[in-house]
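Good morning, and thank you for coming. Please look at the structure on the screen, and I will take you through its ligand site, its domains and a few features of its backbone.

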Amino acid sequence: MNILFATAEAVPFAKTGGLGDVCGSLPRELAKLGHQPTLILPAFRQVFEAGIHIESTGITIEVPIGQKRVQGRILRSQLPNSEVPVYFVEQANYYDRPQLYGEDGEDYRDNCERFTFFSRAVFEAIVALDLEVEVLHCHDWCAGLIPAYLKTLYSERPPFDSIASLYTIHNLAYQGNFWHWDMALTGIDWKYFNWRQMEFYGNLSFMKTGISFADAVSTVSPTYASEIMRPPLSCGLEGALQHRQEDLFGILNGADYAHWNPATDSFLGKNIYDATSYETGKAACKVALQREVGLPVDPDKPLLAAVGRLADQKGFDLIARVMKQWAQQSDAQWVILGTGDPKYHQVLGQLAADHPEKIAVRLEFSNELAHQIEAGADMFLMPSQYEPCGLNQLYSLKYGTVPIVRATGGLADTVVDSTSETLAQGTATGFSFSEYTSLALSETLYRACSLFADKAAWQQLVKTGMQQDWSWNHSAQQYVELYEKTCSRAHQGVLS
Ligand code: ADP
């Protein structure tokens with residue numbers, strides 16, 4: 001099948017989180033299965049800093065934005081280690097900025113215009129490049145207008161009249177909501193600005209638009225697919241989602257073991273390891289990590305880690321509270337890597353300053369350190385308020401770093417809590433808890449640390465996790481089935 005991914009992020013070109021990982025890996029897996037994926041992204045500044053050859057196609061496009069016509073250029077590259085073509089829409093005024101979506105906790109004020117331009121540019125690029133597309137796979141709010149364009153402005157124009165759209169929600173909380181007058185930028189008729197389609201509490205909502213107009217909708221884990229049907233995780237969109245219930249699917253993300261595998265990870269130097277050599281390999285990675293972040297080198301102290309966007313979603317308020325308490329009464333060490341909300345920069349930075357012998361905090365985005373933490377830590381914390389899928393727990397399992405998670409979304413689908421029963425059966429892979437409280441997290445950490453002291457039981461837990469296969473194999477196959485279903489729905493005219 002010919003699938004065009006319209007996305008703001010794809011590793012290694014642009015990434016702020018899991019969306020980038022997914023759009024960098026899934027197309028490569030689809031190509032391995034014999035399909036023809038292609039990607040199109042905005043040419044953000046990050047894209048040019050990725051160190052990958054990008055060339056001009058010589059094609060210039062022009063897109064109506066409100067009363068203006070805005071020009072862009074189409075550039076071309078490839079997903080590394082594949083033949084998958086990647087196109088970029090270059091428009092320096094919109095995309096040549098320090099960040100993808102905003103700075104210092106504030107969204108860019110013209111995000112509606114930036115991603116309206118991108119959405120329409122996708123259509124112009126399909127024509128200019130003569131791309132064959134059967135399914136337009138649109139990701140998250142940035143691409144939410146695309147299914148609407150397909151069903152409105154472009155619906156009768158070949159080749160668009162035969163293209164189906166799949167809209168994937170990676171995180172429902174980021175909705176792309178803008179004031180209603182921005183509707184004029186889109187060129188879409190005001191009649192669609194109604195409570196069933198594009199309007200959301202008086203605003204224009206890109207997320208709701210994607211959900212309402214796509215031929216099929218998916219999200220990134222089965223549990224999240226059911227959680228978003230009701231408040232609070234529906235984020236106000238329960239009506240729109242319930243309306244599409246028959247067309248909503250949950251497919252778990254996979255881990256890209258080409259990038260995330262302790263047996264081949266170039267960030268680990270000579271300390272690479274697999275399930276058979278993990279004891280020595282991991283011990284060496286732990287020493288290297290303790291040195292790297294300036295913690296006392298000690299093989300016996302449990303080393304607890306978290307890596308992620310410093311957002312409320314990720315449970316850093318619980319982590320901060322528990323770290324503060326534990327720093328006074330336990331010998332556990334902590335390493336935290338993340339950037340995001342200034343309030344967490346402040347709190348976490350202060351904790352590290354107060355307890356430098358136990359807590360190391362790096363407030364930056366570092367892929368290298370993220371890999372070294374996955375390899376060097378004993379336990380990985382994800383006490384998320386909600387987690388559509390989560391990738392770090394999958395990486396942690398592969399690296400023999402026991403995940404400690406709140407049982408929500410994809411975390412509930414992928415981590416088996418250690419109970420006397422699951423430990424005896426050899427099915428336990430981590431620890432999980434339900435209540436979103438620092439007490440529940442703290443109790444779970446006590447459970448984990450007491451098992452950590454029992455070396456044989458800990459080894460069994462680690463090995464069970466390392467032997468699991470959370471690669472894309474299975475999920476890519478599920479996407480192919482969903483693409484087929486999406487096409488047949490489009491041709492039956494599911495939306496009326
Ligand atoms: P989300 O998409 O909600 O941010 P995921 O767990 O799905 O969460 O994916 C997060 C991805 O981003 C992982 O690959 C993680 O390692 C990476 N990541 C997040 N913050 C950082 C950071 N500060 N430095 C390096 N990698 C990070």
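Predicted model: local features only at pLDDT ≥ 70, side-chain atom pairs only at ≥ 80, totals over all residues.

Let us begin with Lys 314, which places a polar side-chain atom 2.8 Å from an oxygen atom of the ligand. In total, 21 residues are around the ligand. Which of them come nearest? They are Gly 18, Asp 21, Arg 309, Lys 314 and Glu 364.

I turn now to the domains.

How do the two domains meet? On the side of domain 1, 19 residues are in contact with domain 2, and 17 residues of domain 2 take part in return. The size of an interface is often given as the accessible area lost when the parts come together. For domain 1 and domain 2, the area buried between them is about 1,400 Å², with 59% of it on carbon and sulfur atoms.

How many salt bridges cross the interface of domain 1 and domain 2? The rule finds 0. Polar contacts, however, are present: 9 residue pairs between domain 1 and domain 2 are counted, with both residues at pLDDT 80 or more. On the side of domain 1 that touches domain 2, helix H1 (18-32) and helix H8 (222-227) each contribute at least two residues. H8 gives the most, with 4 residues. Sorted by class, that side of domain 1 has 7 nonpolar, 9 polar and 3 charged residues.

Finally, some remarks on the backbone. Pro 158 and Pro 159 are joined by a cis peptide bond, with omega about 5°. Pro 159 is found in the loop between helix H5 (145-151) and strand S9 (164-169). Another cis peptide bond links Pro 231 to Pro 232, again with omega about 5°, and Pro 232 sits in the loop between H8 and helix H9 (238-243). Asn 81, a residue other than glycine, has a positive phi near 55°. Its place is in the loop between strand S4 (68-78) and strand S5 (85-90).

Key
Residues numbered from 1 in each chain as written. Heavy atoms only, no water. Contact = heavy atoms within 4.5 Å. Buried area = accessible area lost by both parts, 1.4 Å probe. Salt bridge = Lys/Arg side-chain N within 4 Å of Asp/Glu carboxyl O. Polar contact = N/O pair within 3.5 Å; in protein donor to acceptor, adjacent residues only side chain to side chain. Nonpolar A, V, L, I, M, F, W, Y, C, P; charged D, E, K, R; others polar. Near = heavy atom within 4 Å.
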